[in-house]
Amino acid sequence: MRIAIVINKSWNIFNFRLSLVKALLAAGHEVVAIAPEDAYSAKLVVEGCQFVPLPMESKGTNPFKDMLLVRKFLKAYKSAKPDVILQYTIKPNIYGSIAAHLAGIPTINNVSGLGTVFIVQNLVSKIAMALYRFSFQFPAKVFFQNSDDKALFLDRKLVRESITEVIPGSGIDTKRYLPAPEFKRQHPFVFLMVSRALYEKGLVEYVEASKILKAKYPEVRIQLLGAIDEEGNIGIKRTLVEQWAAEGWLEYLGTSDNVASVVHGADCVVLPSYREGTPRTLLEAASMAKPIVTTNVPGCKETVIDGYNGYLCEVRNGTDLAAKMEQVYLLSNPELQTMGQNSRRLAEEKFDEKFVIDRYFAAIEGATGKIARK
């Protein structure tokens, strides 16, 4: 079969969906990546994909302007002529579904997090709900990354329950993301947040927690790895991140193509996000046997059994976040090691990407009536 994978960034396909791409190629299928062109587009071609560029703003929230995307998607889909389309992120899910319906091509959608439109209630979010309700009539399957997101869509009558299923995010390659050969506690202790610098990721609360912890334990290192994204009102300005770094509350590490090496140098991975699908960074941390501190919200809470492989904190509460980070800091070496080992066990039993890949092959067969595996 000819299978299209459509996301708002080529980077996203390469970093989060490459294992699925490789599994589809290994099964003898052609894979067409459809996304805005960036530095990772050529890498997808090297891996064996065909690439069709489709410009779109990943952050724009003007639904009237975005409706013009339907024509772009339709042109790309008619050009690529796939047997089935796998869609991720809001704009492909909404406008791609409409275009695929017009082109007569079945789609499988993945709701990989609800985004700002579900966190902030305003006119734009109401229009987004209406667009979801209309466009989600058409997919053959809609995957959700946690049961809360699925329940919200069903409660608001945005999708039929019969086509929905929950899968563990994009899954994680537990054979690639391995624990260090030998446990080692860092001196001084290192907390690491891997995320873009966005308000909704809880970066402000992370800095608040840093101020509280450093008042008691000045030597503790509080790190941030991830891009600064100043688009719209959701990104934190570079000047503010640099100010936090200059004042000593944060070590800003920039970005890296080798996140695993940075995670290996941390004692605990932190993500105080307001809401997620299933955060890939926490799956990587779990697979690499790191304790986790994250918020008790949909998407994040699925990655932590409180007190077993980390701690859950209250959302938008820097004081509670600091308290949970302090609990990890005060663990003895054997306790810290055990908590990390429990993370690894959870990754193997619940989040291994083979579960996700199996469900995609089954969904492709269901959508096309063709056998997807050799």
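**Close-up views of a predicted model**

**View 1. The loop residue T89.** T89 belongs to the loop that runs between β4 (84-88) and α6 (90-103). As in every view here, the structure shown is a predicted model. Phi of T89 is positive, at about 70 degrees, although T89 is not a glycine. Is T89 buried or exposed? Its relative accessibility is 14%, and because buried means under 20%, T89 counts as buried.

View 2. Seven strands, in the order β3-β2-β1-β4-β5-β6-β7, form an open sheet with parallel pairing. At its edges are β3 (50-53) and β7, each of which pairs on one side only. From one strand to the next, the twist averages 20 degrees. Strand β2 (residues 30-35) and β3 run parallel and are joined by 4 bridges. Within this pair, V32 has Q50 in β3 as its bridge partner. Helix α5 (residues 69-80) lies across β1 (2-6), β2, β3 and β4. The direction of α5 is at about 160 degrees to β2.

View 3. P188 is placed in the loop between β7 (164-166) and β8 (190-194). Another loop, between β13 (310-313) and α14, holds R316. R316 is a residue other than glycine, yet its phi has a positive value near 55 degrees.

**View 4. Strand β12, covered on both faces.** Which residues of strand β12 (residues 292-295) lie on each side? I292 and T294 are on one side, V293 and T295 are on the other, and all of these are buried. Strand β11 (residues 268-271) runs parallel to β12, and 3 bridges join the two. Leaving aside residues up to four places away in sequence, T294 touches L271, L282, C300, T303, V304, Y311, L312 and C313.

**View 5. The crossing of helices α10 and α14.** Two packed helices are described by the angle between their axes and the distance between the axes. For helix α10 (residues 203-216) and helix α14 (residues 318-329), the axes come within 8 Å and cross at roughly 55 degrees. That angle makes α10 oblique to α14. The crossing in which α10 passes α14 is right-handed. From α10, the residues E205, Y206, E208, A209, I212, L213 and K216 take part in the contact. They meet G318, T319, L321, A322, M325 and E326 of α14. Sorted by class, the contact of α10 with α14 has 7 nonpolar, 2 polar and 4 charged residues.

View 6. L336 has its place in helix α15 (residues 333-351). What is the relative accessible area of L336? The value is 2%, so L336 is buried. When residues up to four places away in sequence are not counted, L336 touches F183, R185, F189, D267, P291, V328 and L331. L336 and D38 are 298 residues apart along the chain, and their C-alpha atoms are separated by 40 Å.

Definitions and conventions: Residues are numbered from 1 along each chain as its sequence is written. This is a predicted model: local features need pLDDT of at least 70, side-chain atom pairs count only at pLDDT 80 or more; totals for chains, interfaces and linings use all residues. Side-chain values use heavy atoms; hydrogens and water are left out. Buried means under 20% relative accessible area, exposed over 50%, partly exposed in between (1.4 Å probe, protein chains only). Contact means heavy atoms within 4.5 Å. Axes are lines fitted to C-alpha atoms, for helices over the stretch in contact, and angles run from 0 to 180 degrees between N-to-C directions. Angles under 35 degrees count as roughly parallel, over 145 as roughly antiparallel, 65 to 115 as roughly perpendicular and the rest as oblique. A crossing is left-handed if the near helix is turned anticlockwise from the far one by less than a right angle, and right-handed if clockwise. Ala, Val, Leu, Ile, Met, Phe, Trp, Tyr, Cys and Pro count as nonpolar, Asp, Glu, Lys and Arg as charged, and the others, Gly among them, as polar. Two strands pair if DSSP finds at least two bridges between them.
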